[in-house]
Amino acid sequence: MTDLRMEETSPEDLAQREVLAAEPGRFDTVRRALFERPSTCIALAVVILFVIVAIFAPLIAPYDPLRQSILQINKLPSWEHWLGTDQFGRDVLSRMIHGSRNSLIFGLLSPVFAACIGTILGVSAGYFGGWIDRVISRVVDMLMAFPELLLAILVAAALGGSFWNIVVVLTAAFTPGFARVSRASTLAIKQEPYVEAAIAAGVRTPVIIFRHIVPNIMAPIVVLMALWSASSIRIEATLSFLGIGTQPPNPSWGNIIRDGLNAMFTTQWPIVAGGLAITIVVLSISIIGDSIRDVLDPETSQ
Amino acid sequence: MITRRTLLGTAMAATATGLYAPRVRAAEPDTLRFANSAGGPRKLDPNQITQGADSWAAAQVFEYLAQPADGDFGKTPDEFEPWLAESWTTSDDARTWVFTLRQGVQFHGGYGEMTSEDVARSFIRARDEGVDSSNYENIVSAEPSGKYEVTVTLKNPDPLFLGSTVFTRRTMIISKKAEQELGEAFATQAVGTGPYELERFDSEQGIFLSRFEDYWGEPANIAKVECLYIADTTARTLALISGEVDMAEGVRQPGWIQQMQQQKPDLQFDMTVPGSFNTLFFNLSKDPLQNKMVRQAIAHGIDKQMIVDALQPMSRMVYTLNPPNYPTGFSEEDLPEELRYEYNPEKAKALLKEAGFGGGLTIPVNTSKREDYSTQHLIIQEMLRAIDVNIELTIMDHSAYHGSNRQNANTLNINSWSLPPVPLFVYNVYASSAANMNAEGTGGGNYSHYGVEMDGVDPLLQEMLQATSFEGYIEKGREVELKIQEDLPMFGLPTLSFVVARNPRIDLGYEVTGGNAYWRFCRASITTA
């Protein structure tokens, strides 16, 4: 009998069963993304370590990062100063530790802001269509024509390099990407039967958007956030290196390298330390981003 | 032996050279290459130069009527030697100066012999056109009184006329004929009488000069001089170390000279003493700097000795606006105790409390990216943190910084200038109400608005102008100096030598001890190939 029933099952039924098969839970997805590959585990550990250092910077740093000591200019590493001192006799290790705050805050803040704004714009454009879509899409196209570093340099040079200016600039630079991705995903989700059913049942628009659409387009947004956190840290370092990012005397990895360049024949440690920190963090975040993408992408996750 | 440090240093130098210095060339046998810290040349006409770096080329192409020996300013009238003028006389009231010109002096490019017409024109255009014309307002007329004689008449007596007017960039002698013929092009193609003539003015790379074969005096030793522009400090430093350039403008920040000596022990450093005045201006139009107690507190909160120590061997102590070895400067012992403003954070805090700022004070300040400015501002920022004065520093491009100062947008700006030992000149550009900076950007260097926001030294300067003897003039000048110190609209910070690092293959031919922030190359020679 069993065999007979199997034979009677039509291909349409099989397809239907596959669709109804339980999808992996969110927790399971996160677990797969972060803990399945050793490289991702290491990357995650590195990022967590840097976040802990940034949070507890005042407790960890051996010295005040701004305190100058004219008698200790450009010193090589020693027991007192593990990474030596800079041209004002400031402890480079303490500056690195405090600098991680600026770098990481920039790294997280701008992509998060950009994700919020970009998603609102993209979902609005995709869901409502019509003139709203046309206006938002054209503005997004226009903004995407600017490379983000160029845009950041232009605005920082024009408005000066204060903390919020840089955050605003990077947010503006990243928003179009999020808007475009969320618009495309919204267009796809909008055609799903459950959305059509919700509309037919008279569910209010905000509820449809926040309950049915946004949760279902989060995957690509999260991937973008991870990838752009790395870009954001890199751009902040570039701007600070050029002198238009974090303003001295406040440390950031970029301006520690800039300062170190002028004393590179005496002590190379500020450049090495700043460069390594940026490389390691950017690499780690990129690895995590790649892993999340691999897991969420149906083609590569198999 | 290759140590880790050598390896790292070499690797970084190699990387940075690749990034910054695309034009690596071997040292040429008969060329002197000088690199200064600006982005590119703007002007060659000495009366139109606004960028200090351009003066280096101008100093080779143009000459003065009289000048002190190479390597320093003339501090007294008898220290000036005849140059394009063979001799001069001055009237008893120091208002009329007659110069007898050297005969047979040829201009570059076939513009003929220098005559009194050219000299008269050079003085008049300094007064009527170009930059700093307000400094030459004392000139009533400059007229030829013979083919080789010029008479200059002054409004007020000036016993230091040679130092205040003759030995300045603006009155370097130019060819009147070339000025008329070339029109606007004269700004970059200016014609002078110096030992080097202009070969090529390249607004990207620099100013290229070659020996002037018809020079009236002893011809230059080295055939060619290239004044190159390398704004990036790292690139300039590497160009010097690699031998791409022979001389480079130094970086005035802590530890730079020491690290260069470590990297290339035979490098020579030419330094002017005292070099640049570094003057901290209190902008009296900004809150709460009108309050004298706040200004005094800031003065007491700055440890000048620490600045001197940090910037060794370039920095020297000053106690008033002028350095102690200048005619109107004061030594510490000469000053009344209350005008010494000794470093005393406790006193500074007490003054702030009395002024109503016991809880601290925040002042936004702009500074320049150029190392000497940013270094001083960063050191001062850290010192004032100890007396609860929070300086919010914005570091900007050098031109933008000067722009913000000139538009009254700054509060505690520093100005760096290699000023001559001509007291009236210093007061005229910094302290007189005529030099008041205004927000339209047309004013002078009185960034404090001294004499406008509060009574200043104008009456004393008028008295100084009437002095006919050098001694009387200096005595009045010291009164001005004390009055400024008491009113405290500006505060003298330690001076900083202008430094040029020189490859030992170049012998300058004389020792640099002071003077302007540019010097002549005509006596230089190449000692080794």
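User: Let's start in chain B. In which sense do strand S15 (residues 361-368) and strand S16 (residues 389-396) of chain B pair?
Analyst: Strand S15 (residues 361-368) and strand S16 (residues 389-396) of chain B are joined over 8 bridges. One of the pairs links B:Ile363 to its bridge partner B:Ile391 in S16(B). This is a predicted model, so what we read here is computed from predicted atoms. The sense in which S15(B) and S16(B) pair is parallel.

User: Which residue of S7(B) is the bridge partner of B:Trp97?
Analyst: Strand S5 (residues 96-101) of chain B pairs with strand S7 (residues 149-154) of chain B in the antiparallel sense, over 5 bridges. In S7(B), the bridge partner of B:Trp97 is B:Val152.

User: Which residue in S17(B) is the bridge partner of B:Thr279?
Analyst: S13(B) and S17(B) run antiparallel and are joined by 4 bridges. In S17(B), B:Thr279 has as its bridge partner B:Asn415.

User: Where does the kink lie in helix H9 of chain A?
Analyst: Helix H9 (residues 163-190) of chain A has 28 residues, and from its first C-alpha to its last it reaches 39 Å, close to the 40 Å expected. The helix does bend, though: there is a kink of about 30° in H9(A), shortly before the proline A:Pro176. The kink lies at A:Phe174.

User: How are H12(A) and H13(A) oriented to each other?
Analyst: The axes of helix H12 (residues 253-261) and helix H13 (residues 269-296) of chain A come within 8 Å and cross at roughly 155°. H12(A) passes H13(A) in a left-handed crossing. Angles over 145 degrees count as roughly antiparallel. H12(A) and H13(A) are therefore roughly antiparallel.

User: And how is H11(A) oriented to H13(A)?
Analyst: H11(A) and H13(A) pack with their axes 9 Å apart, at an angle of about 165°. That makes H11(A), relative to H13(A), roughly antiparallel. H11(A) also passes H13(A), and the handedness of that crossing is left-handed. To end on the orientation asked for, it is roughly antiparallel.

User: What is the orientation of H8(A) and H11(A) to each other?
Analyst: Helix H8 (residues 148-159) of chain A and H11(A) have axes that come within 11 Å and cross at roughly 40°. H8(A) passes H11(A) in a right-handed crossing. H8(A) and H11(A) are therefore oblique.

User: What is omega for the cis peptide bond from A:Pro248 to A:Pro249?
Analyst: A:Pro249 is found in the loop between helix H11 (205-241) and H12 of chain A. The peptide bond from A:Pro248 to A:Pro249 is cis, with omega near 5°.

User: What about omega for the cis peptide bond joining B:Asp287 and B:Pro288?
Analyst: B:Pro288 lies in the loop between strand S13 (276-281) and helix H9 (292-301) of chain B. For the cis peptide bond joining B:Asp287 and B:Pro288, omega is about -10°.

User: Last one: what is the phi of B:Asn408?
Analyst: B:Asn408 is found in the loop between helix H13 (398-406) and strand S17 (414-417) of chain B. B:Asn408 is not a glycine, yet its phi is positive, at about 60°.

How values were computed:
Residues are numbered from 1 along each chain as its sequence is written. Chains are lettered from A and ligands numbered from 1 in the order in which they are written. This is a predicted model: local features need pLDDT of at least 70, side-chain atom pairs count only at pLDDT 80 or more; totals for chains, interfaces and linings use all residues. Helices (H or I, at least four residues) and strands (E, at least two) are DSSP runs, numbered from the N terminus. The expected span of a helix is 1.5 Å times one less than its number of residues. The bend at a residue is the angle between axes fitted to the seven residues ending there and the seven starting there. Two strands pair if DSSP finds at least two bridges between them. Axes are lines fitted to C-alpha atoms, for helices over the stretch in contact, and angles run from 0 to 180 degrees between N-to-C directions. Angles under 35 degrees count as roughly parallel, over 145 as roughly antiparallel, 65 to 115 as roughly perpendicular and the rest as oblique. A crossing is left-handed if the near helix is turned anticlockwise from the far one by less than a right angle, and right-handed if clockwise.
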